[in-house]
Amino acid sequence: MAPDQYTMQDPTQQYSDIDTTAQSQAGPGLDSRLKEHADHGEDSYRGSGRLTGRKALITGADSGIGAAVAIAFAREGADVVLSYLPEEEEDARWIVEMIKDAGRKALTVPGDVTDPEYCRRLVDTAVEGLGGLDIVVNNAAKQQFVDKLEDLSEEQFDETFKTNVYAMFWICKAAVPHLTPGSTIINTSSIQAYQPSPGLLDYATTKASINAFSKGLAQQLAPRGIRVNVVAPGPIWTPLQTAGGQPPEELPEFGESTPLGRPGQPAELAPAFVFLASPESSYVSGETLNVNGGSPTP
Ligand code: NAD
Ligand code: MG
């Protein structure tokens, strides 16, 4: 049997064949242009009916962590609505194929989450196209490395907040009226929320905001039977990191300072999202699940 997420392996040696190299891309970055492709679990994720019949919306679903989550959700039995930027169509097509191969429905809604109208249309399309909605994953993000505060533009600060925080607010606000008891919201935060890199001031601040928003919303929605949780990744090999997320010269050492000594792959994040989306986490809400190679967290 081919190795899957249940196959015992030495986590320090997993993916030792992938050596990340210095590279950079314009725009949001494409997985198809990564010199070393990320693993979204295409060949390894094995579903077992944990999300049978569920209806999920995932932002940033074309690549990286969102793409791995989309594949896993579909293989666990969920239909998926994918949000991503129009220029990422090429990456999105590949993930749509994977979802269809799993026998599930994939609806694409390309657009810009910094536009509140788009966020509302995204939720409406999901509700109409899937016949309801019960899993919302806010995962899209902007991350641009800037060394000095003096060089951090107001425009970037604003766009980072719009993409990472406002979009989550707009999407949650539009989605909640449709969510029935048992539904779940999962927001993607980061280790940057508690260990901010000096060059990621705006980004790290948005990630701390996501944690606070999620812990508050979890309490607000608990009486309605809706759970809200967070996944906080450490260094994961995705296009984001090559599209201005890190200085290119730092990419060869990316993730090596974690206790496990290597960057993570998107495929290693998917099981955390599946757990929080499925009823097996029924007594878990307001929680942050850190998937970061073993770095201590508060
Ligand atoms: P990624 O580039 O593959 O995914 C991010 C996605 O965000 C893009 O694919 C894009 O579709 C979407 N996006 C960005 N701006 C958008 C906009 N204006 N409108 C619509 N969509 C937009 O990178 P990733 O690393 O998989 O990122 C996924 C999440 O993981 C993000 O929330 C990121 O902050 C978080 N994260 C990543 C890392 C890491 O090391 N890669 C670490 C911690 C947290
Ligand atoms: Mg992308």
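This section describes salt bridges in a predicted model, with attention to the placement and solvent accessibility of the paired residues. The structure contains 9 salt bridges, among them R50–E280, K162–D158 and R262–E268.

The side chains of R50 and E280 are joined by a salt bridge with an N to O distance of 2.8 Å.

A salt bridge within a helix is formed by K162 and D158, whose closest N and O atoms are 3.2 Å apart. Both residues belong to helix α4 (residues 154–175); because K162 and D158 are 4 residues apart there, about one helical turn separates them. K162 is partly exposed at a relative accessible area of 23%, and D158 is also partly exposed, at 39% relative accessibility.

In the pair formed by R262 and E268, the closest N and O atoms lie 2.7 Å apart. The two partners fall into separate accessibility classes. R262 has a relative accessibility of 11% and therefore counts as buried, the cut-off for this class being under 20%. E268, by contrast, has a relative accessible area of 25% and is partly exposed.

Note on methods: Residues are numbered from 1 along each chain as its sequence is written. Chains are lettered from A and ligands numbered from 1 in the order in which they are written. This is a predicted model: local features need pLDDT of at least 70, side-chain atom pairs count only at pLDDT 80 or more; totals for chains, interfaces and linings use all residues. Side-chain values use heavy atoms; hydrogens and water are left out. A salt bridge is a side-chain nitrogen of Lys or Arg within 4 Å of a carboxyl oxygen of Asp or Glu. Helices (H or I, at least four residues) and strands (E, at least two) are DSSP runs, numbered from the N terminus. Buried means under 20% relative accessible area, exposed over 50%, partly exposed in between (1.4 Å probe, protein chains only).
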